[in-house]
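The sequence and structure come first.

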Amino acid sequence: MTAPPGGDLPSAVFAQVRRHQSPKLALTGKFAGRGAVESAASGSWVTLSDGRTALDFGSYAVTLLGHRHPAVTAAVRRQLAVQPASTRSLANPVSAGAAAVLAEYLGGALPKVHFGLNGADAVEVAVKLARLASGRDRVLAVRGGFHGKTIGALSLTHHPLFRAGLRGCTTDVVHLDADDAGAVGRECARGPVAALIFEPVQGENGAVPLSPEVLARWTHDAQAHGAFVIADEIQCGLRRCGERSVALAEGLPVDAVLVGKPLGGGVVPLSAMVCSQELYAPLAADPFLHSATFGGHPLSCAALPAALTAVEELAGHGRLLAERLATGLRVLHQRHPHVMSGFRGRGLLWGIDFTAPQAAGEVVVGLANADLLVSPCLSRPTTVRLLPPLTTTPDELERALDILDAALDGAGRTPTAG
Ligand SMILES: Cc1ncc(COP(=O)(O)O)c(C=O)c1O
């Protein structure tokens, strides 16, 4: 959109968002951009309509390769010039090749791949197949877990906030306490279970790594009772937390790994369920049992090999960034205990807790004023997520830590009412 004659672009955009989308969305966008809207992006930086640039450590974990990674945009451009859309009646070499690359990337033990566009697409197909392949209905998920907002995925997402106004989602789900090692064994003894689904590192819950020992016991108990085990790594996988797959790196013999967000290189939408023959069996028998018009879209799939190659090239740099970030956050916690009550995470996925909603609000204002973008946790108003790209330079990381330091310094100074 260009600015209307005689008018300014942001006002026109906010009016459209208010009119055709949501007044609240207009308000949060206005706050985040301090009245400006996004107009371009490259690497860790987003350019705003007023000419400012903001350092992007947010984007809800999509931009693991930063914005417009050159190898990914080149691959997508090549595909755009040749065949962006599939007939879906002819076999497509780009989506078939992407499936082979992804299965191989995750080690080869899970040979089957189903592509979607959003993370929830991967969650939906995994749970649907688990129910069909097992002939059972009940699914075990974890308290604090987030798996998306479509009706099926929503029943697995734990926080009731996301289900407000909706009575009875379609899947029968029990949410387990993350530290209850015996929970899966007990639930399986109570009645048949189709699947267990967990995020090895819970993202939306504020970057909470689950105990590898508990996950190992859960996986063993679920599979011993004939239930499938699904690792939702849509946020924590593909080296966001250091490993290609956190669950596989922990030695968990899971039946499926779900990936999304950065799978399209931060350029195009793409998600995937990568799974065992056994879980995929209903779809192998009838490939139209679950399909979607844009599943395996060549334009999206063209990004995958380039994205995974770039992620691997940057893995070592990512480890150094992760170490520096963890050290930096430890120092900030020591310096500002009255505002920053804690922090946790792994790799390039960190959650920072604030002592109170007011302190959180003040820090978030401070970050916005200094042009550092972070991602909020929708169900935890006193926590924000830091999600730096693997492409972040050491200088950019130091700058982000300095901005955080100043924002923490400026917060918590106003006495709370009462
Ligand atoms: C772990 C996890 N699973 C599933 C989803 C849903 O993904 P999407 O919003 O792309 O549908 C998300 C999104 O944040 C997520 O973090």
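## Thr63

Is Thr63 buried or exposed? Thr63 is buried, at a relative accessible area of 3%; buried means under 20% relative accessible area, exposed over 50% and partly exposed in between, with a 1.4 Å probe and protein chains only. The residue sits in the loop between strand E3 (53–56) and H3. Helices (H or I, at least four residues) and strands (E, at least two) are DSSP runs, numbered from the N terminus.

With neighbours within four places in sequence left aside, Thr63 is in contact with Asp56, Gly58, Arg240 and Pro389, where contact means heavy atoms within 4.5 Å.

## Basis of the model

The model is predicted: local features need pLDDT of at least 70 and side-chain atom pairs count only at pLDDT 80 or more, while totals for chains, interfaces and linings use all residues. Residues are numbered from 1 along each chain as its sequence is written, and side-chain values use heavy atoms, with hydrogens and water left out.

## Helix pair H3 and H12

The axes of H3 (residues 70–82) and H12 (residues 303–335) come within 8 Å and cross at roughly 165°. Axes are lines fitted to C-alpha atoms, for helices over the stretch in contact, and angles run from 0 to 180 degrees between N-to-C directions. The two helices are therefore roughly antiparallel, a term for angles over 145 degrees. Ala71, Val72, Ala75 and Val76 of H3 make the contact with Ala303, Ala306 and Ala307 of H12.

H5 (residues 119–134) has 16 residues and spans 23 Å from first to last C-alpha, close to the expected 22 Å. The expected span is 1.5 Å times one less than the number of residues. Buried residues of H5 include Val123, Val127 and Ala130. Just after H5, Gly135 takes a positive phi of about 70°.

H14 (residues 394–410) has 17 residues and reaches 24 Å, close to the 24 Å expected. Among its buried residues are Glu396 and Asp405, along with Leu397, Leu401 and Leu404.

Ala284 lies in H10 (residues 277–285) and is partly exposed, with a relative accessible area of 48%. Its C-alpha is 9.2 Å from that of Lys112, 172 residues apart along the chain.

The domain assignment, automatic or from a database, gives domain 1 (1–32), domain 2 (35–67 + 314–410) and domain 3 (70–310). The centres of domain 1 and domain 3, taken over C-alpha atoms, are 35 Å apart.

Terms used: Angles under 35 degrees count as roughly parallel, over 145 as roughly antiparallel, 65 to 115 as roughly perpendicular and the rest as oblique.
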